[in-house]
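Reader: I would like a close look at one part of this model, the aromatic pairs and what surrounds them. Please keep it plain.

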Amino acid sequence: MGSCVDRASDVGVTSASEATNEISLEPLPVGAQARSFTGKVLFPPNLPEEVRELYEANLTGALADLEASPEDADALIWAGRRHGYLAHYRTAIALFTSGQEAYPDDARFQRHRGHRYISVRELGRAIEDLQQASELVQGQPDRVEPDGLPNARGIPTSTLQFNIWYHLGLAHYLNGDFELARAAYIELMAVSNNNDAVIAASYWLYMTLMRLGRQQEAREVLVPINSELDIIENGAYRDLLLLFKGERTPGDLLGPDGEQTLNGATLGYGIGFWYMMAGDTERATRIFDQVLAVESQWAAFGYIASEVEAIRLSAV
């Protein structure tokens, strides 16, 4: 298969709630963080020991800072973020909620809470938070958002406004509201000020335009994408954009062992999307199912998107 830019999907699209029969409102078991869109109870995954120890040490430090300065907004945000890295999403949401109540004009609390509402599959709440956050920063100068998990170069690649629009677009995309997702991703492109940001924005905007049947606009998104771009974090998004452009194949991305090397939710979702746009829904379903088989990735955006697509395809 070549580029998929000339092919529009004929897959029916519904909102996440319509496609998934609504998440059960029953209380979660102790320790559980969410239910998948199919109703599966989701617990924090087991992390490699060295990773867990690092995250726990970081959390201990953040909680000590918060105890020393309980009215410090930054300390409260970092405590929530550090809980989030350990998949303590409900605790993170509670901390961001207390921050939003104490600092109603600080968009960071709704930005971060909106992100974690996506993690726990509460898209309506995520959209409400992120929309309000976008209104709070309207007309304000943007600011770099420090990384909790620094990249190899130690250079943050995103900003507060970037993260607001990125997550708002994603919540709409997952919910099947592609016109609203497109509007958010247009705003996202406007605040993308480095290659990594442009690549991430282009990836989701391209897929949204394809879902809307706006192939010419989708082609235009791909024009500036090339393999020479200096990327720090978003190499998988770049490779997937090159796949969409017809300059890569699934085999290039998966390696010589093909599907056996499919070990990332990001690549898995993107490749499944490519097959879906090409009309090969059988192979797309198989790819999405492979992503979902790695349950430790359940909070990854590619995993959540694969979950939604698998349900939509099963309903066709």
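Are tyrosine 89 and tryptophan 298 buried or exposed?

Author: Tyrosine 89 is buried, and tryptophan 298 is buried too (buried is under 20% relative accessible area, exposed over 50%, partly exposed in between, with a 1.4 Å probe and protein chains only). This is a predicted model, in which local features need pLDDT of at least 70 and side-chain atom pairs count only at pLDDT 80 or more, while totals for chains, interfaces and linings use all residues. Residues are numbered from 1 along each chain as its sequence is written, and side-chain values use heavy atoms, without hydrogens and water.

The structure holds 17 aromatic pairs; rings of Phe, Tyr and Trp (its six-membered ring) pair if their centres lie within 6.5 Å, and planes under 30 degrees apart count as stacked, over 60 as edge-to-face and the rest as tilted. The ring centres of tyrosine 89 and tryptophan 298 are 5.6 Å apart and the planes stand at 85°, so this pair is edge-to-face. Tyrosine 89 belongs to helix 4 (residues 89–102) and tryptophan 298 to the loop between helix 14 (281–293) and helix 15 (301–315), so the pair ties together parts 209 residues apart in sequence. Helices here are DSSP runs (H or I, at least four residues), numbered from the N terminus.

Tyrosine 269 and phenylalanine 288 also have ring centres 5.6 Å apart, but their planes lie at 25°, so that pair is stacked. It links tyrosine 269 in helix 13 with phenylalanine 288 in helix 14, 19 residues apart. Both tyrosine 269 and phenylalanine 288 are buried. Ring pairs also join these two residues into a cluster whose members include Tyr237, Phe244 and Phe273.

Definitions and conventions. Helix = DSSP H or I, 4+ residues; strand = E, 2+ residues; numbered from the N terminus.
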